Amino acid sequence: MAEIDSFNEMITSRLQEKKRSEQKRKKWLILLILLLLAGGIAGGYFLYEHFRPKSRYELDRNALEGFLPGKSEAEIQAELNRIIEEGRVNISMNPTPVIRDGKINVRIENVPANKYYLQADVYLYPEKGNADNAELVYRSGVIRQEFYIEEGDAETDAGDGTYDGLAVFSALDPETMEEIGKTSMTLVITVED
């Protein structure tokens, strides 16, 4: 009987050892599969990024900041002047507009030399030298190059008199209508009823 018990213990021990060995093998196999899967995903992503069609609007990874080596200082200065000139906005407006009978004679012109469309807001300062309570008295629509506005509708609660004011011009990209930048000019606004 002792021999049968010893034999059963030996068989049970071997079966348990075999089971632990199979569990270890399964764990290593799962780990290997996960590593292969992760490597496959990483490799697939690399291949996708490398061979996918590039958008023409994507930044080029090979582009370097600055000017091409070998350009003279005169060439660099000419390029900088061209960039400044291209971004310049010429504004033309009556610096002393008059508000009379609900109209303001703004005389705004978007000159042909401008690269951008313009939009103008005219503010009146009810208190001399105090821009905190600025009142929007006129807002133009979009003005294309070679167009002008002689006068427009104005609204103000200010009584008759002469007031400080400000015209704020927004430069708009003609294709996207996005605001590129702003500039302003001071005004002296006369209100007459």
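Is Y117 buried or exposed? In this predicted model, Y117 is buried, with a relative accessible area of 17%. Buried here means under 20% relative accessible area, exposed means over 50%, and partly exposed lies in between (1.4 Å probe, protein chains only). Residues are numbered from 1 along each chain as its sequence is written, and side-chain values use heavy atoms, with hydrogens and water left out. Because the model is predicted, local features need pLDDT of at least 70 and side-chain atom pairs count only at pLDDT 80 or more, whereas totals for chains, interfaces and linings use all residues.

The protein comprises two helices and nine strands. Helices (H or I, at least four residues) and strands (E, at least two) are DSSP runs, numbered from the N terminus. From that terminus on, the elements run α-α-β-β-β-β-β-β-β-β-β. The protein has 193 residues, of which 23% are buried. It exposes about 14,900 Å², and carbon and sulfur atoms supply 55% of this area. Accessible areas come from the Shrake-Rupley method with a 1.4 Å probe; for residues, only the protein chains shown count as cover. Among contacts between residues at least 6 apart in sequence, 61% join residues at least 24 apart. A contact means heavy atoms within 4.5 Å.

The largest nonpolar core has 22 residues. Such a core is a set of buried Ala, Val, Leu, Ile, Met, Phe, Trp, Tyr and Cys residues joined through side-chain atoms within 4.5 Å. The residues with the most contacts inside this core are M93, V106, I108, V122, Y138 and F169. At least two core residues come from each of strand 4 (117–125), strand 5 (135–139), strand 8 (161–172) and strand 9 (179–192). In soluble globular proteins, nonpolar side chains tend to be buried together.

Beyond four places in sequence, Y117 is in contact with N110, V142, I143, R144, Q145, S170, A171, L172, P174 and M177. Q119 counts as buried, at 14% relative accessibility. A polar atom of the Q119 side chain lies 3.1 Å from the backbone oxygen of S140. With neighbours within four places set aside, Q119 is in contact with R139, S140, G141, V168, F169, S170 and L172.

The structure holds five salt bridges. A salt bridge is a side-chain nitrogen of Lys or Arg within 4 Å of a carboxyl oxygen of Asp or Glu. One of them joins the side chains of D153 and K103 (2.6 Å, N to O). This pair links distant parts of the chain, with D153 in strand 7 (residues 152–153) and K103 in strand 2 (residues 103–104), 50 residues apart. D153 is exposed, at 56% relative accessibility. K103 is partly exposed, at 33%.

The side chains of R107 and E150 also meet in a salt bridge (2.7 Å, N to O). This pair too links distant parts of the chain, 43 residues apart. R107 lies in the loop between strand 2 and strand 3 (108–110), and E150 in the loop between strand 6 (147–149) and strand 7. R107 is partly exposed, at 47% relative accessibility. E150 is likewise partly exposed, at 39%.

K128 forms a salt bridge with D164, and the closest N and O atoms are 3.7 Å apart. K128 lies in the loop between strand 4 and strand 5 and D164 in strand 8, so the pair ties together parts that are 36 residues apart in sequence. K128 is exposed, at 73% relative accessibility. D164 is partly exposed, at 25%.

On the surface, L29, L32, I33 and L36 form a nonpolar patch. Together these residues have about 410 Å² of accessible area. Patches are made of residues with over 30% relative accessible area and no salt bridge; like charges are joined within 9 Å, and nonpolar side chains (Val, Leu, Ile, Met, Phe, Trp, Tyr) within 5 Å. L36 lies in helix 1 (residues 2–51). L36 is exposed, with a relative accessible area of 60%.

Definitions and conventions:
A polar contact is a pair of N or O atoms within 3.5 Å; within protein, one must be able to donate a hydrogen and the other to accept it, and residues adjacent in sequence count only if both atoms are side-chain atoms.
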